[in-house]
Amino acid sequence: MTDTTGTTDLDAEDRKIVTLARSARARNGVAEGAAVRDETGRTYVAGTVALESLKLSALQTAVAMAVASGATSLEAAAVVSAAETPADEDRAAVRDLGGPETPVLLAGPDGTLRLRVTAG
């Protein structure tokens, strides 16, 4: 299930995580920025991790941060990237914590929503 509408069609909470993801990407000078919102409304923001011994996408890192902070579920996830679709590994990480119906928003570097899919 996909939707290629612009960010004006997002509710305020989804716009917030897209904005946070975009900020993380710019601030850290990384290829991707991501943010997730847990079941209590808390957000976790991350950029790509590219160490010699550890490589995680921004979305995998944001999910890991949520888990490490005690989140038990996710309401939504957003990634800002030049990619055309969210990586299967990213959707799997979101699905592991949030379930298959959790929305994953993909926005371009300018913050415009390109794609909305479920983690499923």
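Two strands are taken to pair if DSSP finds at least two bridges between them, and the strands themselves (E, at least two residues), like the helices (H or I, at least four), are DSSP runs numbered from the N terminus. The model here is a predicted one, where local features need pLDDT of at least 70 and side-chain atom pairs count only at pLDDT 80 or more, while totals for chains, interfaces and linings use all residues. Residues are numbered from 1 along each chain as its sequence is written, and side-chain values use heavy atoms, with hydrogens and water left out.

As for the overall layout, the protein has three helices and seven strands. Read from the N terminus, the elements go α-β-β-β-β-α-β-α-β-β. The radius of gyration (taken over C-alpha atoms) is 13 Å, close to the 14 Å from the globule rule (2.2 Å times the number of residues to the power 0.38) for 120 residues, so the protein is as compact as a globular protein of that length. Taken along the principal axes, the C-alpha atoms fill a box of roughly 40 × 30 × 25 Å. Of the 120 residues, 41% count as buried, meaning under 20% relative accessible area, with exposed set at over 50% and partly exposed in between (1.4 Å probe, protein chains only). Contacts (heavy atoms within 4.5 Å) reach well along the chain: among those between residues at least 6 apart in sequence, 60% join residues at least 24 apart.

Now to strand S1, residues 33–38. Six of its six residues are buried, so S1 is largely enclosed by the rest of the structure. Cover comes on both faces, with Gly33, Ala35 and Arg37 buried on one side and Ala34, Val36 and Asp38 buried on the other. S1 runs antiparallel to S2 (residues 43–47), and five bridges join the two; here alanine 35 has valine 45 as its bridge partner. Four residues separate S1 from S2 in this hairpin, and glycine 41 in the turn has a positive phi of about 95 degrees.

S1 also pairs with S5, again antiparallel, through six bridges. Alanine 35 stands opposite alanine 78 in S5, and valine 36 opposite alanine 77. S5 itself (residues 74–80) is mostly covered, with six of its seven residues buried. S5 is joined to S6 (residues 103–107) by four bridges, and this pair runs parallel.

Within H3, Asp90, Ala93, Val94 and Leu97 are buried. Seen down the H3 axis, these buried residues fall within an arc of 95 degrees (from the directions from the helix axis to the C-beta atoms), so they line one face of the helix. An α-helix has 3.6 residues a turn, so residues three or four places apart point the same way. What covers the buried residues of H3 includes helix H2 (58–68), S5 and S6. On the other side of H3, Asp88, Glu89 and Asp96 are exposed. After H3 comes glycine 99, with a positive phi near 95 degrees.
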